[in-house]
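Subject: Structure handover

Hi,

Here is the structure I promised you. Please open it first, then read the notes below.

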Amino acid sequence: MKVKGFAIGAVCLASVAAAGCTPGETQSDVMADGASVAQCGDLRANTERLAEMRRSDVDLLKALRGSEPDPVAEAKKALDAGDYRLAAATTPDGITTELYGAQCRVLGGLKSWTVRALTYVPDEAAAMGKGPDDKVTDFGRRYNAAVLSDPRYPYADVCRELDRAGTKPDFSDAGEKGIELPYGFAELGPARMAYGLGAAARRGSVYDVNVLISRDKKDVNAPDMFGMTPLAWAIAYHRWPAAEALLRAKANPTGASCQTAIDRESPLQVARIMRWSGMIRRLRPLVTEDEFASLRQKPRWDDTSLSELNHALGELKDRYDKVLSQRPFSRHDVLFDIDAKGNSTSCRMDPGSNSPEFDKELCDLAIDIVHWAPARDAFGTPVPESAKLVVGIGGT
């Protein structure tokens with residue numbers, strides 16, 4: 001029996017550093033109870049602490065289903081235990097703290113282990129209109145207000161009250177210009193030594209950085225609850241002297257031991273996201289050539305245009321069906337040259353099909369329909385590069 005088939009697959013050489021140009025894009029997470037976290041020197045690898053946090057979350061959810069727990073008392077209990085997670089809701093679009101009156105400026109959004117998820121909300125816009133009559137919403141808002149107003153909370157420059165957050169930054173041109181402040185708020189406020197090395201790095205306090213390093217040098221590469229090391233924070237806030245102090249203490253440009261250069265939170269990648277060429281040059285001799293080369297980004301196709309190409313190729317297949325079905329099913333590379341503006345300058349099939357006319361029409365369609373984000377070098381500069389799609393054609 002013959003099965004007539006035609007399919008276009010995903011680009012084989014996908015962008016390895018897409019996070020540097022597409023702030024909203026998600027990437028795989030290191031789960032809080034996974035082995036990868038245990039390699040980070042991360043507090044989340046402390047099984048006793050994890051178990052304690054889970055117990056407190058279970059107890060809180062049970063209380064919300066029954067009685068009406070005191071949000072201020074619950075916030076104090078959490079802060080007493082060193083638990084700085086805000087209350088949040090999960091939605092079809094991800095995690096949100098805004099329903100509960102707080103906004104966190106964290107590139108790529110919050111991860112599950114950075115919040116205390118209280119409920120699932122199918123429609124965040126509708127839920128925002130709920131008031132004190134909704135027990136969970138009222139609790140979440142009062143809980144977050146208590147956490148954010150407590151002087152022990154160390155991330156008031158990263159997360160703050162929604163009515164003080166102001167307009168969200170516009171990252172629409174981030175692919176071209178980079179992001180000036182990818183994490184947190186520009187207005188930092190005072191810091192305490194007890195807030196730790198990351199807070200000192202965000203504020204550029206070289207004195208505090210040096211004092212804290214002298215107290216506990218192993219903290220220099222420890223990621224915080226957002227996955228950011230002190231060096232990553234220093235770079236994110238454009239604090240060159242603080243970054244130098246951390247580098248003198250052997251801070252790693254690729255972050256914690258479980259991170260790589262291309263992870264969104266790694267210091268080197270943060271510098272690339274910001275298009276901070278001077279810092280990238282400063283860090284380059286401190287990483288391997290392979291690590292630095294991994295920052296290169298292949299051209300990335302636009303999903304909508306790829307869907308349009310699939311539709312057009314379905315019609316093209318119908319016209320060439322009699323010819324293509326005479327050969328066994330096989331996969332072929334569609335090879336492109338993409339210029340620094342993301343335009344396809346050439347296209348060819350390798351190997352070609354049994355119909356040169358089909359190959360030409362396929363390439364003409366692909367050049368006309370598919371839109372590309374250009375390749376970028378390790379500094380984030382657009383450069384010409386090759387790209388590839390994979391198609392399957394033939395019968396049987």
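A residue is called buried when its relative accessible area is under 20%, exposed when that area is over 50%, and partly exposed in between (1.4 Å probe, protein chains only). Keep that in mind for what follows.

This is a predicted model, where local features need pLDDT of at least 70, side-chain atom pairs count only at pLDDT 80 or more, and totals for chains, interfaces and linings use all residues. Residues are numbered from 1 along each chain as its sequence is written, and side-chain values use heavy atoms, with hydrogens and water left out.

**Overall picture**

The protein has 396 residues, and 49% of them count as buried. It contains 16 helices and 13 strands. These are DSSP runs, numbered from the N terminus: helices are H or I with at least four residues, strands are E with at least two. Contact means heavy atoms within 4.5 Å. Take the contacts with a separation of 6 or more: 75% of them are between residues 24 or more positions apart. The protein exposes about 19100 Å², and carbon and sulfur atoms supply 52% of that. Those areas come from the Shrake-Rupley method with a 1.4 Å probe; for residues, only the protein chains shown count as cover.

**Aromatic pairs**

Rings of Phe, Tyr and Trp (its six-membered ring) pair if their centres lie within 6.5 Å; planes under 30 degrees apart are stacked, over 60 edge-to-face, and the rest tilted. The whole structure has 11 aromatic pairs. One of them joins Y183 and W233, edge-to-face, at 5.9 Å centre to centre and 80° between the planes. Y183 sits in the loop between α7 (174–177) and α8 (197–203), and W233 in helix α10 (residues 230–236), so this pair ties together parts 50 residues apart in sequence. Are these two residues buried or exposed? Y183 is buried, with a relative accessible area of 1%. W233 is buried too, at 0% relative accessibility.

Next, look at F336 and W372. Their pair is tilted, with 5.3 Å centre to centre and 55° between the planes. F336 is in strand β8 (residues 330–338) and W372 in strand β10 (residues 372–373), 36 residues apart. F336 is buried at 1% relative accessible area, and W372 is buried at 7%.

Ring pairs also link Y84, Y153, Y155 and F226 into a cluster.

M279 lies in helix α13 (residues 277–283). M279 is buried, at 1% relative accessibility. What does M279 touch, leaving aside its neighbours within four places in sequence? The contacts are I235, W240, A243 and A271. M279 and H238 are 41 residues apart in sequence, and their C-alpha atoms are 9.2 Å apart in space.

Helix α9 (residues 206–215) has D208, V209, V211, L212 and I213 buried. The buried residues of α9 pack against α8 and α11 (240–248).

Happy reading.
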